[in-house]
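Hello,

Here is the structure we spoke about, for your files. My notes on it follow below.

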Protein chains: 2
Amino acid sequence: MQRIYIQEVATRDGFQIEDQFVPTDQKVELINKLGTAGVDKIEVTSFVSPKAVPNLRDAEEVMKGIDRKPGVTYTTLIPNAKGAERAAACEADEVNLVASVSETHNKKNVRRTVDQSFADFNTIADVLSGTGIQINGTLATTFGCPFEGGIDENRVMTLIDQYLDLGAGGITLADTTGMATPKQVHQLCEHVLNRWPDLPVTLHFHNTRGMGLANVMEGIRVGVTRYDASLGGLGGCPFAPGATGNICTEDLVHMLRFMDYEMNADLDQLIAASRDLETILQREVPGQIIKAGKISDLHSVSYS
Amino acid sequence: MQRIYIQEVATRDGFQIEDQFVPTDQKVELINKLGTAGVDKIEVTSFVSPKAVPNLRDAEEVMKGIDRKPGVTYTTLIPNAKGAERAAACEADEVNLVASVSETHNKKNVRRTVDQSFADFNTIADVLSGTGIQINGTLATTFGCPFEGGIDENRVMTLIDQYLDLGAGGITLADTTGMATPKQVHQLCEHVLNRWPDLPVTLHFHNTRGMGLANVMEGIRVGVTRYDASLGGLGGCPFAPGATGNICTEDLVHMLRFMDYEMNADLDQLIAASRDLETILQREVPGQIIKAGKISDLHSVSYS
């Protein structure tokens, strides 16, 4: 069976919007567990302004505190050249850049036009040149924008080209607010892979409208093998209070494991880490497997 | 695009396990709204012992109180000949029989061997003979049993044959405790439809482990066009407290509508009915669309 790569984003995409600051040592401990559990990539933190995202104000301490497991890529989100310098100082394996396909969403998210974002990214590429740090380019709102609605596929293609021009080694197509349908995932990914057959493409889904795992199955069908997911299903979207967040790592790994896909990630260790997360956050997380158990967890028969 | 049939089970599969009895007039009002919303079939209630399922003790009043919309099939679950007589007296369009593929589950669920269940079903078929009331045969635990684990496909095939022998006009393959994976759905449904190409097959999924809509997509891929779903995602499984219930009707219709599948059901009316359900039950239901809104519900841009 196909090898599928599991890329964990809870400590960045999840923790950034939590009501509370997760203490640095708890972040480090969780990231170490995720590394031991064998996920392929961990988006550790963001090198953004501590004022903009106070929950991730300990980015340096976290990056320097974690144990780096061989085979795991430790990536960080960065918004600008300053972030690139901070990531380089911490010897991140990769940096993740984010621009929205939707002009309106980009403006709301980073207060820049998309052209301005890419101008910044070119400066970042200069800063990182020669450091060996890889660049991943994320396109937010690839499958729809909560302000603009539908997204023009040609624009997605153009922006992928722009990322590749500045030296990105991988592209993430992000469904930022959970608007993708399986049909749409199938069509767009097929077109992207037809044009760039060797490009490492990641799909980043949110389960906002319940379609997350259906979208993964469709991505796999057309040949995408890398998936972002968030432990416990943390994360979410400010426009959908109460809705579920990113697709849940252990639910994803559970589904794929029981279909015999090849993964490095260990399901039981992920479930244990997700339970730790509930303890850290002192609340229930949206993931289903920690509530329902694995398919293989059989019940004893007692006739009452 | 393909025509997909939406079959509502909330007032039976959902209400039977709620903590509270839903008053008869509220049941009737909800079922009338579901009929107006254009679902293709409604499993109205169960003609079981009021002692066994007190929440559905008003089965006759509900069946007699509802408005029957043309084109909608009003079905009821029945366990035995007595239930068949009650369903016939209320002029149900169809009765739904349930036996588990797993011997252990059948014993736990109805305190009978599977052979005893089918002996009862033959008596039921005799009772209904000449009434014009259709029989649907449901196989519970088709995709896995919480006690026995994996299910032998040959046994599923044998039991479908037994249902057809006693005159069932349709078969429901039920994933009673949410154990099906997309791969399994694909394989089993392909085999069933290869053997009985014209058999009306329904898939009945629970979203216990988050795979519900992914399983629907796989069922559609191999040609199954009938899906049970529960308004608000009501229902559930006693072995997975806190886990989500049946796949959610409005989430299902939302996904399929935005992929241009043809359905009779009206999404906005279903969403409105699901909000009513929250009022009736005085609690949040698991469905995602009533929290997140439709893909097409755009947000206004206000730069703060």
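How much area do chain A and chain B bury between them, and what part of it is on carbon and sulfur atoms? About 4,000 Å² is buried between the two chains, 61% of it on carbon and sulfur atoms. Please keep in mind that this is a predicted model.

The interface

Chain A gives 48 residues to the contact, and chain B gives 48 residues as well. On the side of chain A, the residues that lose the most area to chain B are Arg209(A), Ile295(A) and His299(A), which together make up 16% of what that side buries.

Between the chains there are 14 residue pairs in polar contact, with both residues at pLDDT 80 or more. Four salt bridges cross the interface of chain A and chain B. Lys183(A) forms a salt bridge with Asp260(B), and their closest N and O atoms are 3.4 Å apart.

Several elements of chain A give two or more residues to the side that touches chain B: α5 (103-110), α8 (182-195), α9 (212-221), α10 (249-257) and α12 (289-292). The largest share comes from α9(A), with five residues. Sorted by class, this side of chain A holds 22 nonpolar, 15 polar and 11 charged residues.

Chain A

Eight strands of chain A form a closed barrel with parallel pairing, in the order β1-β2-β3-β4-β5-β6-β7-β8. From one strand to the next, the twist averages 25°.

Opposite Asn136(A) stands Gly170(A) in β6(A). Helix α7 (residues 153-165) of chain A packs on the sheet and touches β4 (94-100), β5 and β6 of chain A, with its direction at about 165° to that of β5(A).

Helix α2 (residues 24-36) of chain A lies across β1 (5-8), β2 (41-46) and β3 (73-77) of chain A, and it runs at about 165° to β2(A).

Chain B

In chain B, eight strands close into a barrel in the order β1-β2-β3-β4-β5-β6-β7-β8, with parallel pairing. The twist from one strand to the next averages 25°.

Strands β6 (residues 170-175) and β7 (residues 201-205) of chain B pair in the parallel sense over five bridges, and Ala174(B) stands opposite His204(B) in β7(B). Across β6 and β7 of chain B lies helix α8 (residues 182-195) of chain B, running at about 160° to β7(B).

Helix α6 (residues 114-128) of chain B lies across β4 (94-100) and β5 (134-140) of chain B, at about 170° to β4(B).

Regards

Terms used:
Residues are numbered from 1 along each chain as its sequence is written. Chains are lettered from A and ligands numbered from 1 in the order in which they are written. This is a predicted model: local features need pLDDT of at least 70, side-chain atom pairs count only at pLDDT 80 or more; totals for chains, interfaces and linings use all residues. Side-chain values use heavy atoms; hydrogens and water are left out. Two strands pair if DSSP finds at least two bridges between them. Helices (H or I, at least four residues) and strands (E, at least two) are DSSP runs, numbered from the N terminus. Axes are lines fitted to C-alpha atoms, for helices over the stretch in contact, and angles run from 0 to 180 degrees between N-to-C directions. Contact means heavy atoms within 4.5 Å. Buried area is the accessible area (1.4 Å probe) that two parts lose on being put together, summed over both. A salt bridge is a side-chain nitrogen of Lys or Arg within 4 Å of a carboxyl oxygen of Asp or Glu. A polar contact is a pair of N or O atoms within 3.5 Å; within protein, one must be able to donate a hydrogen and the other to accept it, and residues adjacent in sequence count only if both atoms are side-chain atoms. Ala, Val, Leu, Ile, Met, Phe, Trp, Tyr, Cys and Pro count as nonpolar, Asp, Glu, Lys and Arg as charged, and the others, Gly among them, as polar.
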